[in-house]
Amino acid sequence: MGKDTGFLELDRRERDYLDPKERLNNYREFVVQPSDEVLSSQASRCMDCGIPYCHNGCPVNNMIPDWNHLVYENDWKNALDVLHSTNNFPEFTGRICPAPCEASCTLNIVDQPVTIKSIEAAIIDRGWDEGWVTPQIPEKKTGKSVAVIGSGPAGMACAQQLARAGHSVTLFEKSDRIGGLLRYGIPDFKMEKHLISRRCLQMEAEGVELRTSKEVGVDVSFQSLQENFDAVVLSGGAEDARALSIPGAEMPGVRLAMEFLTQQNKRNAGDEELRAAPRGSLLATGKHVVVIGGGDTGSDCVGTSNRQGAASVTQLEIMPKPPKKEDKAMTWPDWPLKLRTSSSHEEGVDRDWAVLTKRVIGDGETITGLECARVEWVDGKMQEIDGSTFTIKADLILLAMGFVGPKKAGLLEQAGVELTDRGNVDADTQNYATSKPNVFACGDMRRGQSLVVWAIREGRQCARSVDEALMGVSELPR
């Protein structure tokens, strides 16, 4: 692998960020990629470890040692081909994936892992700059048609793979633009949306028909798709947000994180101010913001609130504060539990752990605070600490507590597919087939809230299953 002693001679060097004072003035990406020379030297740290455990951590089965070696050899074109062989959209994963591959890196046992995510992003960005990313148009059409419902990363990957197999594919999206929560749930400062738009142009050139502002189950009946297509793929998201069930949570100042993030992304896209939004325009400007939920979505709310000019931002998490460093002997090669500080956290936020929310304080129209209490976890059970009640000043409370599954009204009601005990569409990972003939499911609608890498993996595998069901055999990769 590259330089045999690279991991002994070189320390890990990550990408740099623009200074917070500079990046908080806009919504543009602020990552500064290293030079080609630095990336080549970082790629040389990839060990000849025999069993590359990074494969264990990567859901899309990226051949990481292979393209690390090619980058070390300055063979960027072939590195791109290897990267694309397993991942349709590495510019997405190279920006917003948490990189479980790096946690699984063999070098991570005793040192710092290889900068896999940085190298991945550099390969695909170089590919677009050089004009190497072009439409892959099938040599012949199969005469079969497939409707893919939901244009997040699972739906995009599935649709693209099926089009490349020669099928006529129509991708349905209820929003006005392709991308699902990838477009409207991820802030632009983490991933600018022109990256999605140029992939849409590639997919259209490959034969995918994109139909936006068409919600299946509302604007288009599911039955009509069954009648007009040979197969249907359910690839929507897990959009049923977990609710905050405490007194006062019904007040206007308590809002869902996705509503908040979506509105700002629409503003960034040039849309007019959202007067027609169900609950009005939503801004954190000048407000004391409390974000409930300590995950990535909560972090995105922190970064967006600071860019909007919030007076203060506080982020609460009900679980105890994780350790600063993981116990690698106990967790490697699995994803470790440890304290993670995002770029948004570094821009300014008060974080608090083991906090239970008890009551939203306000007059029914305007909120003024949030009553909380400290909790401790004993044998996996949460217990409120007596006398620990306290109040946080709040003008706006954003709920980023995750999702409980796909919404049932409309599409799933009409589809009539069986659901799991958790409310997701019931389909296995071998055939991705639902309980209805020629109806398949993949992504968050099937597995529940998850990562972009899992969505792309399932979209690709589902495409192969659909192709095999329609044609008897399939040459699509699994």
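Which residues does Phe 30 touch, not counting residues up to four places away in sequence? The answer is in View 1. The model is predicted: local features need pLDDT of at least 70, side-chain atom pairs count only at pLDDT 80 or more, and totals for chains, interfaces and linings use all residues. Residues are numbered from 1 along each chain as its sequence is written, and side-chain values use heavy atoms, with hydrogens and water left out.

**View 1. Surroundings of Phe 30.** Phe 30 sits in the loop between α2 (20-23) and β2 (31-32). Helices (H or I, at least four residues) and strands (E, at least two) are DSSP runs, numbered from the N terminus. Phe 30 touches Asp 16, Tyr 17, Leu 18, Arg 23, Phe 189, Arg 307, Ser 343 and Glu 347, not counting residues up to four places away in sequence. Contact means heavy atoms within 4.5 Å. Phe 30 counts as buried because its relative accessibility is 4%. Buried means under 20% relative accessible area, exposed over 50%, and partly exposed in between (1.4 Å probe, protein chains only).

**View 2. Helices α3 and α5.** In α3 (residues 36-43), the buried residues include Val 38, Leu 39 and Ser 40. Their cover includes α5 (64-72), α6 (76-84) and α9 (116-130). In α5, Ile 64, Pro 65, Trp 67, Asn 68, Leu 70 and Val 71 are buried. Cover for the buried residues of α5 includes α3, α4 (54-57), α6, α8 (100-103) and α9. Just after α5, Asn 74 takes a positive phi of about 65 degrees.

**View 3. Salt bridge between Arg 126 and Asp 36.** A salt bridge is a side-chain nitrogen of Lys or Arg within 4 Å of a carboxyl oxygen of Asp or Glu. The whole structure has 28 salt bridges. In one of them, Arg 126 pairs with Asp 36, with the closest N and O atoms 3.0 Å apart. The pair links distant parts of the chain: Arg 126 is in helix α9, Asp 36 in helix α3, 90 residues apart. Arg 126 is partly exposed at 22% relative accessible area. Asp 36 is also partly exposed, at 34%.

**View 4. Salt bridge between Arg 199 and Glu 91.** The closest N and O atoms of Arg 199 and Glu 91 are 2.6 Å apart in a salt bridge. Arg 199 lies in helix α12 and Glu 91 in helix α7 (residues 90-96), so the pair ties together parts 108 residues apart in sequence. Both Arg 199 and Glu 91 are buried.

View 5. Glu 371 and Arg 359 meet through their side chains in a salt bridge (2.9 Å, N to O). Glu 371 lies in β12 (residues 367-378) and Arg 359 in β11 (residues 355-362), so the pair ties together parts 12 residues apart in sequence. Glu 371 is buried at 17% relative accessibility. Arg 359 is partly exposed at 35%.

**View 6. Buried Gln 202.** Gln 202 lies in helix α12 (residues 194-205). Its relative accessible area is 6%, so Gln 202 is buried. Beyond neighbours within four places in sequence, Gln 202 contacts Val 133, Thr 134, Pro 135, Gln 160 and Arg 164.
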